[in-house]
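Let's take a walk through this one together.

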Amino acid sequence: MKKIAVIGTGYVGLVSGTCFAEAGNHVTCCDIDQSKIDKLAQGIMPIYEPGLKELVDKNAGRGTLQFTSEISQAIRDAEIVYIAVGTPMSVTGEADLTYVKQVAQTIAENLNSYKVVVTKSTVPVGTGKVIQTIISQYSSAPFDIVSNPEFLREGAAIKDSMNMERAVIGASSDKAYEIIAELHKPFTSNIVKANVETAELIKYAANAFLATKISFINDIANICERVDADVSKVSEGIGLDSRIGPKFLQAGVGFGGSCFPKDTAALLHISKDCGYDFKLIQAVMETNESQRMLLVKKLISALGSLKGKTISVLGLAFKPDTDDVRSSPAIDIIPLLTDFGATVRAYDPIAIDEAKKKLGYQCSYSEDPYETMKQADACLILTDWMEVKQLDLHKVKSLLKQPLIIDGRNLYQIETMQRLGFTYLSVGRPAVH
Ligand code: NAD
């Protein structure tokens with residue numbers, strides 16, 4: 001049983017702290033956001049994540065999981081301090097380390113005994129050394145630093161954290177490595193031991209590789225549209241090759257979320273900073289941006305103009321089973337539609353509150369997809385929610401002013417849409433008119 005302080009109680013800190021508690025450790029999750037801590041103290045989850053509430057309730061109930069904004073005290077009480085604060089994209093594209101540095105300073109001020117300081121936030125190569133320098137400047141107490149990046153997927157975060165495919169541990173000493181490796185025993189037997197810099201880079205390499213797969217298949221999709229080929233068959237045809245694999249080969253509106261856009265941009269910065277011209281990752285980012293516009297162009301070409309038109313947008317979250325809308329396709333696309341003069345009615349089963357924080361009243365919102373379709377000129381699909389995949393398409397057709405669907409997630413069979421009489425424009429597959 002270890003005493004752990006997790007600083008930053010967001011998607012990553014809350015889930016990993018809860019899972020450490022579930023494994024029998026004593027965990028204090030801390031945040032500067034008092035409203036988050038107050039909610040958690042009342043058993044209200046500040047984020048949507050399947051299975052999270054049950055696990056939080058169980059561990060808070062048995063006293064192994066606590067929540068506080070008293071960060072200093074939590075650090076003093078802990079043997080292991082996890083940094084899980086945000087590292088958002090700065091205006092110039094690099095990772096903003098303001099919060100990480102603030103936390104390093106707070107740790108330094110409260111280092112009352114040997115502690116292992118672990119970075120779980122995604123941070124540029126060299127950040128471990130920066131943290132080490134900040135802490136050493138203010139404290140003479142012994143400590144080690146570890147990079148232990150997070151690989152959970154939102155929407156499956158509990159499952160991913162309880163059964164990790166691997167843990168990456170880059171430690172500044174063997175002692176610290178052993179402590180963090182021991183902590184991970186209940187979660188995985190696959191531990192990649194590396195130095196701190198390598199561990200930091202592994203996280204960016206993983207996300208950049210997955211983003212590359214998505215942009216690659218989107219580029220193939222764009223060729224498919226020009227040569228009458230079908231990208232879903234190309235994905236099947238290449239994905240069955242075990243060297244390639246089927247995952248992250250779904251063509252569509254491009255990647256979003258809190259990680260891929262910012263981490264590809266940050267990796268580009270890291271490469272520039274060390275004098276390397278990483279052309280591939282630049283192209284991955286460009287393809288992703290143009291994929292958003294592609295959907296808007298399809299909509300405009302189908303409707304002639306968006307001025308005075310009503311568009312039903314299905315999906316605000318960047319992917320299903322999460323309320324996270326950071327860099328989601330909908331957040332990028334809805335302002336474009338309204339700029340072109342359209343009225344937008346948006347549907348999402350979970351992410352409306354989060355979307356409102358970004359989009360305000362640029363569109364209206366509904367938790368009923370059919371509500372958004374009444375007399376709408378077109379329907380634009382941006383998230384592959386199961387609820388959208390399972391829509392009653394007869395009802396959809398009867399509600400829309402004209403049966404026009406632009407599908408950024410390739411949710412429906414071409415044959416079905418043909419049979420039902422839709423105009424159906426998806427990505428990299430034959431258009432149905
Ligand atoms: P988040 O925004 O959901 O949570 C960050 C939390 O840190 C917030 O609650 C914020 O209030 C808190 N915070 C900020 N400054 C603080 C401070 N000085 N002291 C205490 N708390 C502070 O972010 P997230 O999605 O959990 O991501 C955290 C990190 O993990 C990022 O670096 C991200 O790139 C990385 N990551 C995220 C995911 C994911 O799926 N979300 C997956 C892997 C890695």
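Which helices each supply at least two residues of the shell around the ligand? They are helix 1 (11–22) and helix 5 (98–109); helices here are DSSP runs of H or I with at least four residues, strands are E runs with at least two, and both are numbered from the N terminus. Before going on, note that this is a predicted model, where local features need pLDDT of at least 70, side-chain atom pairs count only at pLDDT 80 or more, and totals for chains, interfaces and linings use all residues. Residues are numbered from 1 along each chain as its sequence is written.

Back to the ligand. It is surrounded by 27 residues, and the closest are Gly8, Gly10, Val12, Ser121 and Thr122 (a residue is near the molecule if its C-beta atom, placed from the backbone, lies within 6 Å of it). Sort that shell by class and you get 12 nonpolar, 10 polar and 5 charged residues. In this sorting, Ala, Val, Leu, Ile, Met, Phe, Trp, Tyr, Cys and Pro are nonpolar, Asp, Glu, Lys and Arg are charged, and the others, Gly among them, are polar.

Now zoom out to the whole chain. It has 18 helices and 14 strands, and its C-alpha trace spans about 70 × 50 × 35 Å along the principal axes.

An automatic or database domain assignment divides the chain into domain 1 (3–194) and domain 2 (210–425). Their centres, taken over C-alpha atoms, are separated by 33 Å. Domain 1 puts 14 residues into the contact and domain 2 puts in 15, where contact means C-beta atoms, placed from the backbone, within 7 Å. On the domain 1 side, the touching residues are 9 nonpolar, 3 polar and 2 charged.

What about the inside? Of the 433 residues, 49% count as buried, meaning that 20 or more other C-beta atoms lie within 10 Å of the residue's own; 12 or fewer makes it exposed, and anything in between partly exposed, again with C-beta atoms placed from the backbone. Take Ile7: beyond its neighbours within four places in sequence, its contacts include Cys30, Ile71, Val81 and Val103.

Finally, a few loops. Most residues other than glycine have a negative phi. Phe248, though not a glycine, has a positive phi of about 60 degrees; it is in the loop between helix 10 (231–239) and helix 11 (260–273), and counts as partly exposed with 16 C-beta neighbours inside 10 Å. Asn410 also has a positive phi, about 50 degrees, and is found between strand 13 (404–407) and helix 18 (414–420). Asn410 counts as buried, with 22 C-beta neighbours inside 10 Å.

Notes
Two residues are in contact if their C-beta atoms, placed from the backbone, lie within 7 Å.
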